[in-house]
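Please read them with the coordinates open.

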Amino acid sequence: RCESLVEIYFQLQQQVMAASTELGPEVLSRLLERFDEVLSSLVKSSFLVEKQPPQVLKTQTKFQASIRFLLGPQLLKAAPKPYMVRADMVTEKQARELELSNYSNTLSESTGEILHNTVALETNPTSGTCCANFKNVLLKKIKRCERKGSESVTEEKCAVLFSTNVTLTPSNISIHLQVLSLPIVVIVHGNQDNNAKATVLWDNAFSDIERVPFVVAERVPWEKMCDTLNLKFMAEVQTTKGLLKEHYFFLAQKIFNDHSASPEDFQNRHVSWAQFNKEILPGRGFTFWQWFDGVLDLTKRCLKSYWSDRLIMGFISKQYVCKLLSMEQDGTFLLRFSDSEIGGVTIAYVIRGKDGSSQVENIQPFSAKDLSIRSLGDRIRDLGQLRNLYPSIPKDQAFGSHYNSEWGGLG
């Protein structure tokens, strides 16, 4: 514990002072200087961001954050008045310079204007904590820096720097405390939110703990990407039912635009940031992430219970659906996420003619807006041509618990 280390520090300092005559002025001076360096390092490392600001931050929008000074209750109890903690926006370049100086440099210029950016560092005697709670902060505007090549504003990372100057008692040492938030992408319009979330997800998932701000790999193993997509899906949808191997296979075919490789072939591949959220999918008007995020949003808002009951196959190609259904009984159907639209779920079903021939039809995808008017379960009940959920579960048995009363309608 930090408090114990500080106590040890003061005990050692007292012992050194007691032996000052034996040590001599030169050795004593060196030891005391070294003690101050150790104390300063310990104190600086106990200044932490307890509650991070939002990692996608919109200008003109209020946000909250909190700073905790672990050693505050012990070292600041004799302070005549509370110290003030300041919040400033810094660019990636400024964050890097601070890191390289081991946070000994101070910020020369804020890269954005933050309102209500100064808060008292207060000790709570009951909980024994020392915190600065930013409850009403607002980023008024951001000053964009020069971007690299084709980099967009939603790929630009910055951070909030929290800083204060404290004087420690009883040693009377003045220390400048600084700590950076996690990387933040600043947006000015809601339509930038999707791409900003991609930058944050990539950075959180694939950056090293010890790194120069805010360096992150341009290419990562596909298996790592699978883990990330799965964790993101489960967290966003709030479900315990994650993605399956066959889902990963479909997603790999999509992101790599390769329908000839086997699942094993994909395991050894690396996926790039460009493939994730810069390159438009073939024949579409959106990137892989934009499409995947649309699925997340739709499932979270309208399909959580269906997904959790494993009633939605979801991540499956239209071609493979045809292969599965063409051999099944008339009226067999399954649910898949739309390939052609962002945030759509479609129903594919087989029609079998009297001559034994089969034809697979895809119903126009339903959006979140459609499903807010009438639920998926009720729409399935409405469609008489749908009989059995693939492979052979009667639809009333599969979806009965999801039907609403005929009077209710909304789902």
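Which residues are buried in helix 8? The points below start there; note that the model is predicted.

1. Helix 8, burial. The buried residues are His247, Tyr248, Phe250, Leu251, Ala252, Gln253, Lys254, Ile255 and Phe256. That is nine of the 12 residues, and helix 8 is accordingly described as mostly covered. The list takes in Lys254 and Gln253 as well as Phe250 and Leu251.

2. Helix 8, surroundings. The cover over these buried residues includes helix 7, helix 9 (263-267), strand 12 (270-272), helix 10 (273-277) and helix 11 (288-308).

3. Helix 8, geometry. With 12 residues at 1.5 Å a residue, helix 8 should span 16 Å, and its end C-alpha atoms are 16 Å apart, so the two values agree. Asn257 follows helix 8 and has a positive phi, near 50 degrees.

4. Helix 7 against helix 8. Two packed helices are described by the angle between their axes and by the distance between those axes. For helix 7 (residues 222-237) and helix 8 (residues 245-256), the angle is about 115 degrees and the axes are 11 Å apart. The crossing of helix 7 past helix 8 is right-handed. Helix 7 contributes Trp222, Cys226, Leu229 and Asn230 to the contact, while helix 8 contributes Tyr248, Leu251, Ala252, Ile255 and Phe256. By class, eight of these contact residues are nonpolar, one is polar and none is charged.

5. Cysteines. A disulfide is a covalent bond between the sulfur atoms of two cysteines. With a cut-off of 2.5 Å between sulfur atoms, the count is zero disulfides.

6. Helix 6. Helix 6 (residues 193-206) has 14 residues, which at 1.5 Å a residue should span 20 Å; the end C-alpha atoms are 20 Å apart, in agreement. Its buried residues are Asn194, Ala196, Ala198, Thr199, Val200, Leu201, Trp202, Asp203 and Phe206.

7. Leu121. This residue sits in strand 6 (residues 118-124). Leaving aside residues up to four places away in sequence, Leu121 touches Phe69, Leu76, Pro82, Tyr83, Val85, Cys130, Cys131 and Ala132. Leu121 and Asn133 are 12 residues apart along the chain, and their C-alpha atoms are separated by 7.9 Å.

8. Arg374. Is this residue buried or exposed? Arg374 lies in the loop between helix 13 (368-373) and helix 14 (376-382). Its relative accessibility is 17%, so Arg374 counts as buried. From Arg374 to Asn404 is 30 residues in sequence, with a C-alpha to C-alpha distance of 9.4 Å.

9. The chain as a whole. There are 15 helices and 17 strands. Of the 411 residues in the chain, 47% are buried. Among contacts between residues at least 6 apart in sequence, 62% join residues at least 24 apart.

Technical notes:
Residues numbered from 1 in each chain as written. Predicted model: local features only at pLDDT ≥ 70, side-chain atom pairs only at ≥ 80, totals over all residues. Heavy atoms only, no water. Axes fitted to C-alpha atoms, helices over the stretch in contact; angles between N-to-C directions. Helix = DSSP H or I, 4+ residues; strand = E, 2+ residues; numbered from the N terminus. Left-handed = near helix turned anticlockwise from the far one by under 90°. Contact = heavy atoms within 4.5 Å. Nonpolar A, V, L, I, M, F, W, Y, C, P; charged D, E, K, R; others polar. Expected span 1.5 Å × (residues − 1). Buried < 20%, exposed > 50% of the residue type's maximum accessible area, 1.4 Å probe, protein only.
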